[in-house]
Amino acid sequence: MTYGVILDVDTGIDDAMAIMFAVRHPEIDVRAITCVTGNVGLKQVLANTLSILDVADAPQIPVAAGAQRPLVAAARDASWVHGKDGLGGIGLPASARELSPLHAVELMHRELLAADEPLTIVALAPLTNVALLLRMYPDAAQRIARIVFMGGSASVGNATAVAEFNIWHDPEAAAIVIDSGIPLTMYGLDVFNRVAAEADTIARLADATAPVARTLGGLLGFELTDPGDGTVFTHPLIGDAGAVCALVAPELFTFESRPVQVELAPGFSRGQTMVDRRAYGGEDLVHEPGWTPWPLADVALDVDVPGTLELFFGTLVDTAGAAAS
Ligand code: RIB
Ligand code: CA
C-alpha cells in the first residue's frame with residue numbers, strides 16, 4: 001500500500017526526523033510539505049525544512065510557507081526544546097531548493113484536488129494551516145482520507161501541566177480540525193514521550209559519515225537546558241517521526257476510538273485535549289440536557305517501543321553496517 005501524504009511541519013528536531021523518515025519510506029509518497037510557525041518562527045522552519053530535504057537527498061517536493069502565527073492568540077515558541085535554530089545547532093548548510101510560490105493552504109488545496117485518491121494529512125505542528133484550509137475550502141474535506149496529528153495527550157502535558165505544545169499553541173485551530181468530521185488519528189504525548197533512542201545508538205550515529213545517520217546523531221544528541229532550574233539533559237525521542245510510523249505500521253500501536261475535545265477557555269487548562277476514557281458515556285445527558293457527543297479520534301495509547309525504533313532506524317540507516325557507514 002502507498003500513502004499519498006501532505007506533511008504539515010514546524011521543523012523542529014523531531015519534524016526533521018519525521019521528514020527524513022517519510023521521504024525515505026517506500027510506502028509513503030510525499031506530495032507536499034507545508035510549514036507553520038510553532039517550535040520556531042516560520043522563516044527558520046522553512047530554512048530547516050529545505051535543508052533537511054537535502055540531507056535526505058529527497059526528490060523535489062513542493063514546500064510552502066503557511067501561517068506566521070496562531071488564529072487567535074499569539075503564543076511563544078519551543079526553541080528551548082529544539083535550539084534557537086530549531087535543529088539543535090547542528091549547522092546544516094542552507095539549501096538551494098526553492099520554495100513554492102503558493103501559500104501553504106493553496107498548495108494543500110491544489111494537491112488534494114489533483115490526487116487520484118484522497119490524501120492523508122500528517123500534521124506535526126500547531127494545526128493553524130490545516131484549520132485555515134478547512135475554513136477556506138470546506139469541500140476539500142472530502143479529499144482528505146485522514147488527518148494524523150501529533151498533538152494532545154490523554155495524560156500529562158508538556159507546554160503546561162495538561163496541554164501539549166502543538167494544541168496549546170493554537171487551540172482554536174485544533175478545535176476546528178477535531179470538529180471537522182474527517183477521520184482522525186491522535187498521536188499524543190502518551191506515546192510520543194516513550195519512543196526514545198538508546199545512548200549507544202546515538203553515539204554510533206554521531207560518528208557516522210553518511211549524512212542521514214550523522215544528522216540523526218546530532219539531532220538526537222541535542223542537550224536541553226531546563227528553563228526552570230537550569231538542569232542540562234538529553235531527551236532523545238524520535239517524537240513526530242513516531243506519528244509517521246503510526247501511519248505505515250499501525251500494528252505497532254494500541255489505538256482506542258475515544259471522544260476528544262480541546263479546552264479553549266482562558267486559564268490553566270487552555271489547550272488541554274480532554275480524552276473521554278470512561279467505560280460508558282451518556283451520563284452527561286443527565287447532568288447537562290442538550291449535551292452533544294464529542295467528536296471521535298483514534299487515540300494512540302500504547303506503543304511497541306523496540307518495534308517502532310526498528311522501523312524508524314531500519315528505514316533511515318544501514319543498521320547492519322551500523323550507523324557508522
Ligand atoms: O509537543 C512536542 C513538540 O515538539 C511539538 O511541536 C511536536 O510536534 C514536536 O516538534
Ligand atoms: Ca513538530
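**View 1. The buried face of helix 10.** In this predicted model, the residues of helix 10 that are buried (under 20% relative accessible area, with exposed meaning over 50% and partly exposed in between, for a 1.4 Å probe and protein chains only) are Val212, Ala213, Thr215, Leu216, Gly217, Leu219 and Leu220. Helix 10 is thus mostly covered, with seven of its 10 residues buried; helices here are DSSP runs of H or I with at least four residues, strands are runs of E with at least two, and both are numbered from the N terminus. The buried residues of helix 10 pack against helix 1, helix 2 (42-55), helix 9 (199-206) and helix 13 (305-316), where a contact is taken as heavy atoms within 4.5 Å.

Residues are numbered from 1 along each chain as its sequence is written, while chains are lettered from A and ligands numbered from 1 in the order in which they are written. As the model is predicted, local features need pLDDT of at least 70 and side-chain atom pairs count only at pLDDT 80 or more, whereas totals for chains, interfaces and linings use all residues, and side-chain values use heavy atoms, with hydrogens and water left out.

**View 2. The largest nonpolar core and the surroundings of Phe312.** A nonpolar core is a set of buried Ala, Val, Leu, Ile, Met, Phe, Trp, Tyr and Cys residues joined through side-chain atoms within 4.5 Å. The largest one has 71 residues, and those with the most contacts inside it are Leu7, Tyr187, Leu216 and Phe312. Helix 1 gives the most to this core, with nine residues. Apart from this core lies another, of 37 residues, among them Ala131, Leu184, Val260 and Leu301. When residues up to four places away in sequence are not counted, Phe312 touches Met17, Phe21, Leu216, Ile238, Ala241 and Cys245. A search of the whole structure finds zero disulfides, a disulfide being a pair of cysteine sulfur atoms within 2.5 Å.

View 3. The largest pocket has a volume of about 710 Å³. On a 1 Å grid over the protein atoms alone, a pocket is an open set of points where a 1.4 Å probe fits, with protein on both sides within 12 Å along at least five of seven lines, and its lining residues have an atom within 4 Å of a point; the volume is the space filled by probe spheres set on the points, which are joined across faces, edges and corners. Of the 34 residues that line this pocket, Trp80, Val81, His82, Asn158 and His235 are the closest to its centre. At least two lining residues come from each of helix 1 (13-24), helix 3 (79-82), helix 6 (165-169), helix 8 (189-192) and helix 10 (211-220). The lining divides into 20 nonpolar, eight polar and six charged residues, where Ala, Val, Leu, Ile, Met, Phe, Trp, Tyr, Cys and Pro count as nonpolar, Asp, Glu, Lys and Arg as charged, and the others, Gly among them, as polar.

**View 4. Asn39 and Val40 in the loop between strand 2 and helix 2.** Asn39 is placed in the loop between strand 2 (28-35) and helix 2, and Val40 is found in the loop between strand 2 and helix 2. Asn39 is buried because its relative accessible area is 5%, and Val40 is buried because its relative accessible area is 2%. Leaving aside neighbours within four places in sequence, Asn39 is in contact with Asp10, Gly12, Asp14, Asp15, Asp77, Ala78, Ser79, His82 and Phe165.

**View 5. Strand 4 around Thr120 and Val122.** Val122 lies in strand 4 (residues 119-123), and Thr120 is also found in strand 4. Val122 is buried, because its relative accessible area is 0%, and Thr120 counts as buried because its relative accessibility is 6%. With neighbours within four places in sequence left aside, Val122 is in contact with Val5, Ile6, Leu7, Asp8, Val148, Val244 and Leu247, while Thr120 is in contact with Gly4, Val5, Ile6, Ala145, Arg146, Val148 and Leu247.
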